[in-house]
Amino acid sequence: MKTKEIQGKMPQVEKTPVTRRLQDKLNYDELSNCMRCGFCLPACPTYRETGREASSPRGRIALMKAAVDGHLQNGKQLEDQLNQCLGCRACEPACPAGVKYGELLEQARDALEDHARHKVWVRVLRRFFFHFLFPHPKRLRWLGRLLIIYQKTGLQWLLRKLGFLKLLPSYLREMEAVMPAAASKGVAEQLGNFIPAQGKKKGTVGLFRGCVMDVLFTETNINTVTLLSEAGFDVVIPPQQTCCGALHAHSGEREMARSLARQNIQAFKQREVDYIVSNAGGCGALLQEYEHLLEDECEAKEARWFSERVKDISELLLDHGPVEKWGTLEARITYQASCHLQNVMQVKEQPRQLLRQIKGATYVELFEADRCCGSAGIYNLTQPEMSARILDEKMKHVRATKADILVTSNPGCLLQMKAGIQRAGLSDHMKAIHVVDLLAEVRQKGESRY
Amino acid sequence: MRRITGEIRAKLIEAAGVSAYFDDEESLLSHSYDATPMLQAMPEAVIYAQSTNQVSAVLKICHQYEIPVYTRGAASNLCGGTVPVHGGVVLVTTRMNRLLEIDEENLTATFETGLTTKALHQAVEAKGLFYPPDPGSMLVSTLGGNIAQCAGGLRGLKYGTTKDYVIGLTAVLPNGEVIHTGGKLMKDVAGYDLTKLLVGSEGTLAVITEATVKLLPKPQATSVMLAYFDDMYAAARTVSKIIAARIIPSTLEFMDHGTILVVEDYAKIGLPTDMKAILLIGQDGHPAVVEEDMEKMRAICMEEAREIKVAKDMREAEELMTARRSALSALARLKPTTILEDATVPRSQIATMVEKIAEIGAKYNVRICTFGHAGDGNLHPTCMTDARDQDEIERVEEAFEEIFAAALELGGTITGEHGVGIVKAPFLEWKVGPAGIEVMKGIKRAFDPKNILNPGKMFAGQTRKRVVINR
Ligand SMILES: Cc1cc2nc3c(=O)[nH]c(=O)nc-3n(C[C@H](O)[C@H](O)[C@H](O)COP(=O)(O)OP(=O)(O)OC[C@H]3O[C@@H](n4cnc5c(N)ncnc54)[C@H](O)[C@@H]3O)c2cc1C
Ligand code: SF4
Ligand code: SF4
């Protein structure tokens, strides 16, 4: 098979600063591990939408490798392709060679980000969100208060009435419409930093409360704590914890993500917790990957301690939460998986099993429930068009389930599903809810009807 | 070969449509490779085929201007079959993927060739029918690619390979003419059998746009078991005994020790990692027959196997089959570059061949694991290496050369199912002889006098000297 004789001609172009950065940051072994078998193609939503090799995992890896090998002239297209990638990582479980695509994606985005010349407003927004806002829970809370003022004072009503919102791009308009009511107090402000176990104590859980989660979905955090305490866990909410850093890591702000990771590890390390529980698949996945995020640093051991303890709420509830003792709920229920929860944390069956255990309810499996809904962090804001295409496809299948309740396990997906339900004109027939909130409802009401 | 000039480009865009023609850098780069390691070359344009007519229009232009055309399905082939070594156009078929008809009266299916193998399986099985060819890559591979490579699979022993099912084709000749061969007929002897000729033609004779295949009733029952052996020869003897007992199992797959270790590590299905060989044995058909055959085979295995494990249910059976299908890919986890070969020997020679492969691996100090379709003698010696290690790569190449020679010596062939492409081209003459090569070249000239379809494949500039010449 004498390869030297048959090697085809590949252009050898001069390395640009961008390709040199990629060369520094990308793991070449991992790039070479891709054997180009194409097994990942059917799993990839953007490949399905476009049918183009360059928009497939295999294609994206090939483009990254071409950049490093000096075959790629213009980094712009690579960047576009990486922006178009949802980061859903459905390609990873599909890959028999075990290529760590998520890692490559982060490394590439990091390299490109170092070099990016964003438009001024993008730069301002990025700084605002990534550096000023997310890492600072207090500031987020302030923003939450502003949001409450907007929602409660009638300003929202007024702006909606005046048609002012029509000025927003349709996507943002849909999101604005489904935005939940912000809470002025987070979970710890409402319940304190320690909530003891009810009944016989089984262990101690540290709650990862999230940043946006704790402002927009405080109720879900509160329900999480209540269910855990009832299941026999002491719950601690370390006050020093901060944003998980997922959005940072996925947008090429790896340094920032690392520093947030260190802070979180310290916050939980001080407490003797058996588990660190998250109720947002997107956050949980990164928390579990802290070990790898900090692998070449001296904190690596502490990071492992942390990552090993991370669990999704559904795992603990399935093992310890007595769903069978709760009330009944007569409804058709279906479930949309969170990509990172299933592809990275490998939590697939637990939420489904919890739902199946609800008395009186009929569980229907959503066709392609494991396919990304198009929310993907801030993807629905950065790539509204592709996101909407993926969402519309998803809603076709959601409609076919004829379910009353669509359950998700990640706040981003939840918002996306709410927007999808509106978009598809299904608001009168179904609602979307976080699995924890649904379980809390079943537990509390004892009996309920839809 | 000519290049695509501005004028030709304009004509191609007109023929293909703007939404199907790409020549931006990322499209070219992402069509410069297939699943074959260490091969890559840049095309000048990529066209996503939409219909037979469009393919015909594109080929007319390429023929007129002598632009090379490389037909590409999912690019999962392992012989460099779709690498555009002479530039030109890569013609992708994946958008041409409609299932046109399942004819339940004639038991045939007709489809566009960009359809994936798996999609056809699902569609026909939903109707209680069965399309046996099941290459390990069936999740992604296109039926066009299967036909062009004459793909085989795990069920090859009992049911044969792609060539045994294709009965009709629509194909576009290099000059743009469209031909229809065969049809829904089970019998047809009008002239040369062009259908069979195009099956396995590796994209060098025509672009196949539609195909009709025959279907079978879906077997009512399937059963699978694993037999573990402490000794490779014992496993090989068991294969021979099963065949000698006049049983044709639907599956008879083999994994050597190295492969077992890796597959277990990947699939975690509880394979014992201290075994020297495993046979995966399956039967399908009428429940009573399946039971009887499985019982007989179990008895035969018991003579030498250390342990036998029968799958409890369909799910477990499917798990075992999937694990075997992923063998190659699982091996790919070990080292960055995985080179899979495809030597085939008469099944009585399997143990000797596996032993030879191990010896040759040791001689050249390269790591080679072997698995394959024991039932039909089709072995996949697979080498885990690293393309950056030039010294090792050279040893790997020498080792494989010796492996091919050994296969031929045992009465085998240089490829059982993956085809010749670029990778085996230098060895083709070893197998078919100079006269065979001349006939093949004559056929190529008759179809494609200007040599625009998949040039650089099948026929090498130079044949490799045989390392061992005694047959
Ligand atoms: C993990 C793995 C496992 C595999 N297992 C098997 C196996 O068990 N058995 C097996 O036989 N092979 C196997 N293969 C090899 C490969 O998947 C098969 O050869 C498959 O049939 C190729 O299909 P494709 O659509 O990817 O074709 P491609 O790779 O795109 O093309 C293959 C060849 O067919 C030609 N071609 C494609 N479409 C057409 C068309 N419409 N008209 C004319 N020519 C065309 C191309 O020019 C090329 O020469 C495996 C490969 C991998 C990576
Ligand atoms: S499945 Fe894995 S090895 Fe195969 S092409 Fe995709 S990333 Fe590469
Ligand atoms: S992460 Fe999702 S969108 Fe990105 S390549 Fe993988 S499967 Fe495709």
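Q: Which residues have the most contacts inside the largest nonpolar core?
A: A:Leu22, A:Met64 and B:Leu12. That core has 105 residues. Keep in mind that this is a predicted model.

Q: Take A:Leu22. What does A:Leu22 touch, leaving out residues up to four places away in sequence?
A: Its partners are A:Ala67, A:Val68, A:Leu78, A:Ala108 and A:Ala111.

Q: Zooming out, how many helices and strands does chain A have?
A: Chain A has 27 helices and eleven strands.

Q: And how much of chain A is buried?
A: Buried residues make up 61% of its 450 residues.

Q: What share of the chain A contacts between residues at least 6 apart in sequence join residues at least 24 apart?
A: The share is 80%.

Q: New topic, ligand 2. Where does ligand 2 sit?
A: Ligand 2 sits in the second largest cavity.

Q: Which residues are closest to ligand 2?
A: A:Cys34, A:Cys37, A:Gly38, A:Cys40 and A:Cys95 are the closest. In total, 13 residues surround ligand 2.

Q: How does the shell around ligand 2 divide into nonpolar, polar and charged?
A: Ten of the shell residues are nonpolar, one is polar and two are charged.

Q: Now the backbone. What is the phi of A:Lys402?
A: A:Lys402 has a positive phi of about 55°, although A:Lys402 is not a glycine. A:Lys402 lies in the loop between helix H25 (384–401) and strand S9 (405–408) of chain A.

Q: Is A:Lys402 buried or exposed?
A: Exposed, because its relative accessible area is 65% and the cut-off is over 50%.

Q: What about B:Glu202, what is its phi?
A: B:Glu202 also has a positive phi of about 55° and is not a glycine. B:Glu202 is in the chain B loop between helix H7 (194–198) and strand S10 (207–214).

Q: Buried or exposed, this B:Glu202?
A: B:Glu202 is buried, because its relative accessible area is 8% and buried means under 20%.

Key:
Residues are numbered from 1 along each chain as its sequence is written. Chains are lettered from A and ligands numbered from 1 in the order in which they are written. This is a predicted model: local features need pLDDT of at least 70, side-chain atom pairs count only at pLDDT 80 or more; totals for chains, interfaces and linings use all residues. Side-chain values use heavy atoms; hydrogens and water are left out. A nonpolar core is a set of buried Ala, Val, Leu, Ile, Met, Phe, Trp, Tyr and Cys residues joined through side-chain atoms within 4.5 Å. Buried means under 20% relative accessible area, exposed over 50%, partly exposed in between (1.4 Å probe, protein chains only). Contact means heavy atoms within 4.5 Å. A residue is near a molecule or strand if one of its heavy atoms lies within 4 Å of it. On a 1 Å grid over the protein atoms alone, a cavity is a set of points where a 1.4 Å probe fits but cannot get out, and a pocket is an open set with protein on both sides within 12 Å along at least five of seven lines; lining residues have an atom within 4 Å of a point. A molecule sits in a cavity or pocket if more than half of its atoms lie within 2 Å of its grid points. Ala, Val, Leu, Ile, Met, Phe, Trp, Tyr, Cys and Pro count as nonpolar, Asp, Glu, Lys and Arg as charged, and the others, Gly among them, as polar. Helices (H or I, at least four residues) and strands (E, at least two) are DSSP runs, numbered from the N terminus.
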